[in-house]
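Visitor: I have this one open for the first time. Can you walk me through it?
Guide: Go ahead and ask.

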Amino acid sequence: MHIPDGYLSPSTCAIAYASAAPFWYVAMQKVKRQLHTRFVPLISVFSAFSFVIMMFNLPLPGGTTGHATGVGLAAVVLGPWAGMLAISVALAIQAVFFGDGGITAIGANCFNIAIVGSLVASLVYRLVAGTSAMGSSRRLLAAGLAGYAGINAAALITAIEFGLQPMLFRDAAGTPLYAPYPLSIAIPAMMIGHLTFAGFAEFLVSAGVVSYLQRTDPTLLAREAPGAEVSLAAASLRKLWAGLALLMILTPLGLLAVGSAWGEWAPEDFANPETRREIASASQGQAPATAPAGLQRLSTIWTAPIPDYAPPILKSAAFGYVLSAMAGTGLIILFSLVAFRRRNV
Amino acid sequence: MSEGLHHLVHRRKGFLDRTLAELAHVLDRSFSAELLSTSSGLLQGIDPRVKLAGAGILILTAAASRSLWLLAAVFVVTVTLAFASHLKVRELLTLWISVLLFSGVIALPALFLTPGQPLGWGVTKQGLQAATFLLARVLATSTVGSVLVSTTPWNHLLRAMRAFRLPVVAVVLIGMTYRYIFLFIQTTMDMLEGRQSRLAGELPAKERRAMALATVGVLMSKAFELSSDIHLAMQSRGYRGEVHALDESPLRVRDWAILSILAVGSGVALWR
């Protein structure tokens with residue numbers, strides 16, 4: 001995929017540099033505005049990360065291994081503009097310092113992989129993921145497809161560049177001077193490998209790493225999933241409301257319990273022989289003859305508006321439980337809303 | 001080695017070993033280049049700006065050439081300069097073999113698929129020339145690039161890029177990235193070796209994939225944490241988003257002379 005020197009004519013390389021330059025400029029302006037002083041450290045560290053993951057041998061089904069460019073992953077995590085800068089820097093370093101890709105072809109490699117790849121990957125990711133929840137499998141599929149589409153778009157552009165060479169650059173005897181194959185050979189030759197192994201490696205690394213991040217560090221996915229956090233919260237809240245409603249409906253189950261809870265006795269319980277027996281059996285035979293003085297005194301300080309979860313106006317104990325649950329939950333929510341608003345002011 | 005142990009070692013040569021080997025290769029190559037670039041030699045003594053411009057001229061000459069003789073001349077000049085700068089034959093041979101293997105596979109079908117005057121066994125004259133052009137061009141340009149990097153310390157190369165009006169922010173990005181690549185390589189090697197040392201046998205393919213992807217995921221989390229730390233460290237040293245480069249000293253007469261000879265020579269060779 002990394003085009004070496006000698007495969008493209010100097011004029012093709014010049015056009016590729018000229019085509020990449022406006023994207024680099026716009027990306028630089030956009031990302032600088034977005035990141036301010038974080039621009040240089042974030043892009044350079046992510047470029048170093050991209051460089052290293054390009055060297056990973058990913059185990060693919062069938063016992064083979066493959067490399068990924070990480071273009072889909074960069075687009076999913078950083079977005080198309082920051083992603084194209086990070087991948088461009090990694091590609092430039094590969095070409096200049098490690099001879100992977102040509103120096104004259106840096107513009108073409110960056111245009112194909114970093115620019116076209118990032119833009120296509122980002123578009124596919126946004127289209128497929130929509131505003132789905134951060135932890136959803138739809139977002140996972142979107143990331144995988146983004147990587148797959150990004151690398152295949154890059155491969156297609158590369159194949160077209162190769163295929164144009166023999167049409168445009170031949171000597172007097174008809175000898176192709178650069179990449180020798182026409183479009184009819186270059187496109188299938190490039191695409192067969194990329195639609196299968198390379199595309200699958202890219203799908204795997206994008207979806208696999210997003211899956212890992214969903215479980216361990218979903219905040220890293222938040223940058224390119226603006227609606228997802230809200231939908232994640234909404235989804236969680238919907239489940240919470242449903243759980244709460246179910247618990248409220250089930251509150252009358254408490255009526256099935258026999259006796260009273262240990263230690264939750266009222267002063268009059270000590271005067272009632274039946275409840276005294278219950279107190280004694282639950283307290284190793286010890287039951288005070290009368291209600292303790294402190295309990296007697298303090299129990300009159302506050303009279304609950306709905307004693308024993310049974311509003312006096314209702315005859316049905318079960319409905320009283322449900323109503324009490326609703327009133328209690330409502331009060332807690334009201335209190336939380338007031339407290340939360342105050343904290344945010 | 002017993003058959004069982006041999007089988008185990010053989011089976012374990014999976015993605016862990018291959019990735020570790022590739023990472024180690026990059027470290028090894030950079031270390032060798034760093035050592036050579038700071039030793040004494042013909043190209044080591046030349047201003048990096050001249051070397052960068054000279055390499056650019058040679059690469060452009062090779063890229064634009066329509067003559068196999070000119071491509072051969074670029075190759076011979078570069079190899080001569082490489083030997084005068086104490087580049088090891090083994091390193092050049094490794095480069096050439098890898099280039100010939102990669103581009104050879106691509107060039108080979110051109111012998112048969114390029115329409116033209118038949119030479120026998122399905123090979124055409126134009127096909128043979130096209131394949132030779134491709135291989136010669138790739139061989140010449142990759143040798144120039146390799147000699148440049150092997151004889152110039154990377155920080156000097158970056159300064160030279162700045163002298164050719166490459167935006168300062170691009171130079172800073174490349175420089176910082178280059179530094180952190182080695183940190184990430186080391187971190188990755190530590191992580192992979194840690195896993196490898198705990199493996200008693202071969203993992204199923206699914207778990208191998210999960211391990212590779214988890215490693216990438218952890219590396220990404222580390223990258224974000226690291227970028228935040230670096231950002232804070234830069235800010236604490238007064239960084240406010242603007243990057244500056246140091247002024248360069250002017251080129252000497254000898255540097256101008258080398259550049260002029262190369263430029264005129266290439267121009268004449270291409271024009272003819």
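Visitor: What domains is chain B divided into?
Guide: Chain B has domain 1 (14-38 + 154-241) and domain 2 (44-152 + 249-271), with bounds from an automatic or database domain assignment. This is a predicted model, where local features need pLDDT of at least 70, side-chain atom pairs count only at pLDDT 80 or more, and totals for chains, interfaces and linings use all residues. Residues are numbered from 1 along each chain as its sequence is written, with chains lettered from A and ligands numbered from 1 in the order in which they are written.

Visitor: How many residues does each domain of chain B give to the contact?
Guide: Domain 1 of chain B gives 11 residues and domain 2 of chain B gives 11 residues; contact means C-beta atoms, placed from the backbone, within 7 Å.

Visitor: Which element has the largest share on the domain 1 side?
Guide: H8(B), with six residues. Helices here are DSSP runs (H or I, at least four residues), numbered from the N terminus.

Visitor: Switching to H5(A), where is the kink centred?
Guide: On A:Gly117, with a kink of about 30°; the bend is the angle between axes fitted to the seven residues ending there and the seven starting there.

Visitor: And what comes after H5(A)?
Guide: A:Gly130, with a positive phi near 55°.

Terms used
Helix = DSSP H or I, 4+ residues; strand = E, 2+ residues; numbered from the N terminus. Contact = placed C-beta atoms within 7 Å.
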